[in-house]
Structures are given as C-alpha cells and as structure tokens.
Amino acid sequence: MVTRTRFDDSECPVARSVDAIGDWWSLLIVRDAFDGSRRFGEFQRSLGVAKNILTARLRTLVAGGVLESVPASDGSAYREYVLTPKGKALFPVIVALRQWGEQNFFAPGEPHSQLVDRQQGHRLRALEVLSADGRRLNPDDTTVHKISTQ
C-alpha cells in the first residue's frame, strides 16, 4: 500500500489546505453541504460515491474541523453533517472553482448549474484578487515571500 504524503507541517498554506481537504470527493462533499445536503444518504445520492469512500471522507472532514456531526434536526436517530466556521470559510474556494469551471470547461451557451444571489436572483460577479489598496492583481503582480523561522 502506498503511504500518503502529509503536508500538515509544510510552510506552504496551499499544501496545508490541500492536505486538510484531501481529495476531490471531499471538495464535492463540501460543495453539497453548501447546497443543503446534511445526511449521509443525501451525499451518497448526489455524488454516487461508494459508501466506504464517503464514510472515510466524512470522517476526515469531521476530524479536520470542516464538518461537524450533529443529531438530526428532525429528532430522528440519524446524524447530520453541518459546515463548521472553518468549513464555511471554504465558500470562496468553492465559488472560485465553480467560476473557473464555468469559464474553462463549458462551451458558450452550454447549460450548467448557476450560483445566484438568493436575495436578488442574479449570478455572482467574478471573484477578483485585490491588493490591500484595492487594485486588481494578476499572477505576475504577486510573489511569495518565505519567512525564515531562524
């Protein structure tokens, strides 16, 4: 069996974030949680993922503080999975992936789901990366400064 490389002590925030999320199933679980899925069966039906894989991913997301397992809201014996504040903080990541996918993987006019402002019913503006003073930034406008711990 191949041992998974861990990045939980990496100096890179991207590596630690990817380590915490794990894989694409986990991001799709988080997406579905934003869309209102709460129960194991809802995630399983939406994703079509094998139960053992879903169980493992839900455990990882709960252990990582992204989801919390709580008693069912209807008082039944079931458990539900809800986003924690850490999980809710993934909203811009999910929106960015959605917008990137819309821009790069759909032909013009090809139908796809849309994320809309619940109050106004309009599609969201494209996310932008802004400097501290409000300027729009592109990759060439940024650099990574590694901080020495010595």
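At what angle do H2 and H6 pack, and how far apart are their axes?

Mentor: First, some ground rules. This is a predicted model, where local features need pLDDT of at least 70 and side-chain atom pairs count only at pLDDT 80 or more, while totals for chains, interfaces and linings use all residues. Residues are numbered from 1 along each chain as its sequence is written, and side-chain values use heavy atoms, with hydrogens and water left out.

Now your answer. H2 and H6 pack at about 105 degrees, and their axes are 10 Å apart. Axes here are lines fitted to C-alpha atoms, for helices over the stretch in contact, with angles from 0 to 180 degrees between N-to-C directions. H2 and H6 are therefore roughly perpendicular to each other. (Angles under 35 degrees count as roughly parallel, over 145 as roughly antiparallel, 65 to 115 as roughly perpendicular and the rest as oblique.) From H2, the contact uses Leu27, Val30, Arg31 and Phe34; from H6, it uses Phe91, Ile94 and Leu97. Sorted by class, those residues are 6 nonpolar, no polar and 1 charged. (Nonpolar covers Ala, Val, Leu, Ile, Met, Phe, Trp, Tyr, Cys and Pro; charged covers Asp, Glu, Lys and Arg; the others, Gly among them, are polar.) Contact means heavy atoms within 4.5 Å.

H2 also meets H4. Their axes come within 10 Å and cross at roughly 75 degrees. That makes H2 roughly perpendicular to H4. Here H2 brings Trp25, Ser26, Ile29 and Val30, and H4 brings Ile53, Leu54, Arg57, Leu58 and Leu61. This set divides into 7 nonpolar, 1 polar and 1 charged.

Several of these residues return in the core. The largest nonpolar core has 17 residues, and Ile29, Val30, Phe43, Leu54, Leu58, Leu61 and Leu67 touch the most other members. Two or more residues each come from helix H2 (24-34), helix H3 (40-47), helix H4 (51-63) and strand E2 (79-83). H2 gives the most, with 4 residues. Beyond four places in sequence, Phe43 touches residues including Ile29, Leu54, Leu58 and Tyr81.

H1 is tied to this part too. Its buried residues are Ala15, Asp19 and Ile21. Their cover includes H2 and H4. Gly22 follows H1, with a positive phi near 100 degrees.

Look along H6 next. Glu102 sits in helix H6 (residues 91-105). Glu102 is buried, at a relative accessible area of 17%. Leaving aside neighbours within four places, Glu102 contacts His112, Ser113, Gln114 and Arg123.

Now step back. The chain has 6 helices and 2 strands, in the order α-α-α-α-β-β-α-α from the N terminus. (These are DSSP runs numbered from the N terminus: helices are H or I with at least four residues, strands E with at least two.) Buried residues make up 23% of the 150 residues.

Finally, confidence. The chain averages a pLDDT of 91, and 95% of the residues score at least 70. (pLDDT is the predictor's confidence in each residue, from 0 to 100.) The mean is lowest in helix H1 (residues 13-21), at 82, and highest in helix H5 (residues 85-88), at 98.

Definitions and conventions
Buried < 20%, exposed > 50% of the residue type's maximum accessible area, 1.4 Å probe, protein only. Core = buried A, V, L, I, M, F, W, Y, C linked by side-chain atoms within 4.5 Å.
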